[in-house]
Amino acid sequence: MMAREIVLASRPAGLPAVQNFALAEVRLGALADGAVRVRNRYLSTDPYMRGRMMDGPGYAAPFGLGARIPGRAIGVVAESRAAGFAPGDTVRSMAGWCEAFDAAPGALEKIDTMGIEAHHFIGAAGVPGLSAYAGLTRIARVKAGETVFISAASGAVGGIACQIAKMLGARVIGSAGGPEKAAHLKRIGVDAAIDYKAEEDLPAALGRAAPEGIDVYFDNVGGPHLEAAIAHARPFGRIAVCGMISGYNASAPLPGPRNLVQIVGKSLRIEGFLTANHMDLMPGFAAEMAGWIKAGRIVTRDTFHDGIEEAPAAFISLFTGANFGKPIVRIGP
Ligand SMILES: NC(=O)c1ccc[n+]([C@@H]2O[C@H](COP(=O)([O-])OP(=O)(O)OC[C@H]3O[C@@H](n4cnc5c(N)ncnc54)[C@H](OP(=O)(O)O)[C@@H]3O)[C@@H](O)[C@H]2O)c1
């Protein structure tokens, strides 16, 4: 059979363009003994992929030019010549942006969907959801009654972080770009929503939303949001740095927050984290999230893009803010 895939055609400079990617076709021959053939259903597009498109030192190796973009995907076993996998099984892999692939069993993780839709396992019940959970509970250690500020609050990580922070008993302030996203934040229970694109003075807006200051900042964007959070942090505040997307397309390092000295006087703790180092939480978290989704306690928001050829546009939407929740590439049956 033939399967289409997206390869990296050139390394982006600044905001990625669809021209940085190309559609290719590969032939999958007879399935080898001991292998599994998977048809992908949902492909993940994630901000971290931008860093791996650059050819330089990073926490993960750069993507190869001309090679398929790797990344998380949810698929269904089409054919199996390996013990433990049968046609119809739902699997998660790092196979990336392709319609179908053959793999050794060790490259596949069988998913019990627990009564929720399979795409959630690359969204709310996958790494984005776990990032929110680990950042709030293990890094920021949010306590009931605290005030938590979350940026990119309508996004895949941020939308879940807002709702988990509410479950933890926090007062939540969310920041997102545009009135539609700000209105959505109110619908998912955020106490104060900031449309940062409509604010001339972000620190002032945060000050109005949190007159007594913030105890925790869950950082997804860095830049001016981080500076505003430091300015309004209360003594012994914690800043959990999940990501700094505002700088991912920069060609040179961006200036840091101008008020870093406040870390000393306020005894702040700023701690970055990689969710990959918290995967021990995943099985329990995924089961809990499945329960929350089924009970309507967590509202999920995803943007579906149909067809493998849409993967580059879905990915680019992360940086323009055109995405609303997680951009997921859906591959037809
Ligand atoms: N540490 C980890 O292991 C880990 C794991 C997963 C994700 N992350 C990080 O978590 C963050 C969110 O990821 P996600 O997958 O959930 O993406 P997302 O929030 O669903 O999408 C990215 C959002 O970032 C916002 N954004 C883009 N450029 C911006 C800018 N210059 N200033 C302010 N906001 C900007 C946009 O929202 P608006 O429309 O609101 O501007 C956009 O929708 C990223 O920084 C990512 O790298 C880290």
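How far is the sulfur of Cys-162 from the closest cysteine sulfur? Let's start there. The sulfur of Cys-162 sits 12 Å from the one in Cys-242, its closest cysteine sulfur, and that is too far for a bond. The working cut-off is a pair of cysteine sulfur atoms within 2.5 Å, and a search of the whole structure turns up zero disulfides.

Quick housekeeping. This is a predicted model, where local features need pLDDT of at least 70 and side-chain atom pairs count only at pLDDT 80 or more, while totals for chains, interfaces and linings use all residues. Residues are numbered from 1 along each chain as its sequence is written, and side-chain values use heavy atoms, with hydrogens and water left out.

When I say buried I mean under 20% relative accessible area, exposed is over 50%, and partly exposed is in between, with a 1.4 Å probe and protein chains only.

Okay, the overall layout. The chain is divided into domain 1, which is 2–121 + 301–330, and domain 2, which is 127–276; those bounds come from an automatic or database domain assignment. Taken over C-alpha atoms, the two domain centres are 29 Å apart. Domain 1 puts 17 residues into the contact and domain 2 puts in 13, where contact means heavy atoms within 4.5 Å.

So how much area do domain 1 and domain 2 bury between them? About 1,200 Å², with 61% of that on carbon and sulfur atoms. Buried area here is the accessible area, again with a 1.4 Å probe, that two parts lose on being put together, summed over both. On the domain 1 side, Arg-301, Phe-319 and Phe-324 supply 35% of what that domain buries against domain 2, more than any other three residues.

Next, the strands. Helices (H or I, at least four residues) and strands (E, at least two) are DSSP runs, numbered from the N terminus, and two strands pair if DSSP finds at least two bridges between them. Take β3, residues 36–44. Seven of its nine residues are buried, so β3 is largely enclosed by the rest of the structure.

Who does β3 pair with? There are seven bridges to β4, residues 73–80, in the antiparallel sense, and four to β6, residues 100–103, also antiparallel. Arg-39 shows up in both pairings: it stands opposite Val-76 in β4, and its bridge partner in β6 is Ala-100. Then three bridges join β3 to β15, antiparallel again, with Tyr-42 opposite Arg-330.

β15, residues 326–330, also runs parallel to β14, residues 302–306, and five bridges join them. One of the pairs there is Asp-302 with Lys-326. To get from β14 to β15 the chain goes through helix α9, residues 311–320, and this β-α-β crossover is right-handed. That is to say, with the strands pointing away from the viewer, the path from the first strand over the helix to the second runs clockwise.

While we're on α9, have a look at Ser-317, which lies in that helix. Ser-317 is buried, at 6% relative accessibility. Setting aside residues up to four places away in sequence, Ser-317 touches His-305, Ala-322, Asn-323 and Pro-327. Ser-317 and Pro-16 are 301 residues apart in sequence, yet their C-alpha atoms are 9.8 Å apart.

Another serine, this time in strand β9, residues 171–176: Ser-175. Its relative accessibility is 0%, so Ser-175 counts as buried. Leaving out neighbours within four places in sequence, its contacts include Phe-149, Leu-185, Tyr-196 and His-225.

Last bit, backbone torsions. Most residues other than glycine have a negative phi, and most peptide bonds are trans. Which makes two residues worth a look. Met-114 has a positive phi of about 50° although it is not a glycine; Met-114 lies in the loop between β7 (109–110) and α2 (127–139) and is partly exposed, at 25% relative accessibility. Phe-236 has a positive phi as well, near 65°. Phe-236 lies in strand β12, residues 233–241, and counts as exposed at 59%.
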